[in-house]
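Q: I am new to this structure and would like to learn how to read its features one at a time. Could we begin with contacts and go on from there?

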Amino acid sequence: MFLAWNEMKHSKLRYGLVIGVIFLIAYLVFFLTGLANGLAQTNRSAVDSWKADHIILSEQANKNLRLSRFSTALADEVKADQTAELTQASASIKANDKSKVNVNLFAIKSDEFLRPKLSDGKIFSKTGQVVADSSLKKAYQLEIGDEIILGDSGKKLTITGFTDKASFNVQPVLYLNKDTLTSILGDNSQAATISALVVRGKVNQVPKGLESMTTASFIENLPGYKAQNLTFSFMIGFLIVIAAIVIGIFIYILTLQKKEIFGVLKAQGISNGYLSRMVFAQTFILALLAVGLGLLVTMASALVLPTSVPFQINPLFFAGISVLMILIAVFGALFSVVSIVKVDSLKAIG
């Protein structure tokens, strides 16, 4: 470690460039990971907040909440430990700055477990009142008591409270009661049906025409969710491998440039093991500094990103990626170790 650190201090520019290249790759990996986590949460955060075990949808919906519709009579035939009704609809609203925002309308009963946990305000109690996702508060400066206009219909909804992490399919959620949804949709048959039964505990009986699935299965089948996660996973995986290859190439080239020095050291009786440990230590220091710097800059970036960017830091996942990048980089130093073992002292000095 002593020899590795002193050589790096002596050649600051050379090793600084190596750290700089690895830092940029590490920063890109962490930033993409944060975006992947953020996008995943905007797809599923409302579902996670239910803390449910099963979701029951119409068999014809192909596990898609937006396509699921069934009658309350059919829902009454379901036998399960604890159930809550949910009716979903889509709409656009006009915020204070007249911007149009696409939202999900979740009609629920305020006395059932789907009732959102409020971060501010109170639950809806009358027709025309809603609880909104707090992202709307941050992005559009909405406050409790503000009125939002539904699309071009001119119908107004009053915000009574805000709840955190309530988005579904990358759109914020407005929680309301069934009467409010009926007033919005008018005579539309959608308001008289149920989109899903959300279950906590076991499902004992599901009638024909309905399909029960675990919450995990329901999330995996959200439109675009699986494809998005796979895309980001492949991108992040390839970047980690590329970072390891880059650091391995740099260390290998630096090792070749020091071939004569290694020959002299071996002639003085320094063992291959000691020199190999030096290369591993040097690689570990370079990777640690670059990955650590990339992590710090990523966290700083998260503080200045606009609220419209779905970015979320997962400490456990970031720690795992950091360890993985460092370990793979150290493993890449094996090529340099092999070249050191092959150095012939007499040829190197001659």
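Q: Which residues does Ile321 touch, leaving out those up to four places away in sequence?

A: Contact means heavy atoms within 4.5 Å. By that rule, and not counting residues up to four places away in sequence, Ile321 touches Val29, Phe30, Thr33, Ile236 and Ile240. Please keep in mind that this is a predicted model, in which local features need pLDDT of at least 70 and side-chain atom pairs count only at pLDDT 80 or more, while totals for chains, interfaces and linings use all residues. Residues are numbered from 1 along each chain as its sequence is written, and side-chain values use heavy atoms, with hydrogens and water left out.

Q: Which residues touch the most other members of the largest nonpolar core?

A: In soluble globular proteins, nonpolar side chains tend to be buried together. A nonpolar core is here a set of buried Ala, Val, Leu, Ile, Met, Phe, Trp, Tyr and Cys residues joined through side-chain atoms within 4.5 Å, where buried means under 20% relative accessible area, exposed over 50% and partly exposed in between, with a 1.4 Å probe and protein chains only. The largest such core has 39 residues, and Val29, Ile247, Leu286, Ile321 and Met325 touch the most other members.

Q: Which helices each supply at least two residues of this core?

A: Helices (H or I, at least four residues) and strands (E, at least two) are DSSP runs, numbered from the N terminus. On this basis α2 (12-50), α7, α9 (272-304) and α10 (315-332) each supply at least two residues of the core, and the largest share, 13 residues, comes from α2. Another core, of 28 residues, lies apart from it, with Ile55, Phe106, Ala196 and Tyr225 among its members.

Q: How are α7 and α10 packed, and at what angle?

A: Two packed helices are described by the angle between their axes and the distance between the axes. Axes are lines fitted to C-alpha atoms, for helices over the stretch in contact, and angles run from 0 to 180 degrees between N-to-C directions. In this model α7 and α10 pack at an angle of about 35°, with their axes 8 Å apart. On the α7 side the contact is made by Ile236, Ile240, Ala243, Ala244, Ile247 and Gly248, and on the α10 side by Ile321, Leu324, Met325, Ile328, Ala329 and Gly332. These residues divide into ten nonpolar, two polar and no charged, given that Ala, Val, Leu, Ile, Met, Phe, Trp, Tyr, Cys and Pro count as nonpolar, Asp, Glu, Lys and Arg as charged, and the others, Gly among them, as polar.

Q: Is Val241 buried, partly exposed or exposed?

A: Val241, which lies in helix α7 (residues 225-257), is partly exposed, because its relative accessible area is 40%.

Q: What does Asn37 touch, leaving aside its neighbours within four places in sequence?

A: Asn37 has its place in helix α2 and counts as buried, at 16% relative accessibility. Leaving those neighbours aside, Asn37 is in contact with Gln312, Asn314, Phe317 and Phe318. Phe31, also placed in helix α2, is in contact with Thr298, Ser301, Leu305 and Phe311 when neighbours within four places in sequence are again set aside.

Q: Why can the buried residues of α11 be said to line one face of the helix?

A: In helix α11 (residues 334-341), Ser336, Val337, Ser339 and Ile340 are buried. Seen down the axis of α11, the buried residues fall within an arc of 160°, so they line one face of the helix; the arc is that of the directions from the helix axis to the C-beta atoms.

Q: Where do Ser58 and Leu210 lie?

A: Ser58 lies in strand β1 (residues 54-58) and is buried, with a relative accessible area of 8%, while Leu210 is found in strand β11 (residues 210-214) and counts as buried at 4%. Not counting residues up to four places away in sequence, Ser58 touches Ser68, Arg69, Phe70, Gly209, Leu210 and Glu211. Leu210 and Gln60 are 150 residues apart along the chain, yet their C-alpha atoms are separated by 8.2 Å.

Q: What is the phi of Lys51?

A: Lys51 has a positive phi of about 55° although it is not a glycine. Lys51 lies in the loop between α2 and β1 and is exposed, with a relative accessible area of 64%.
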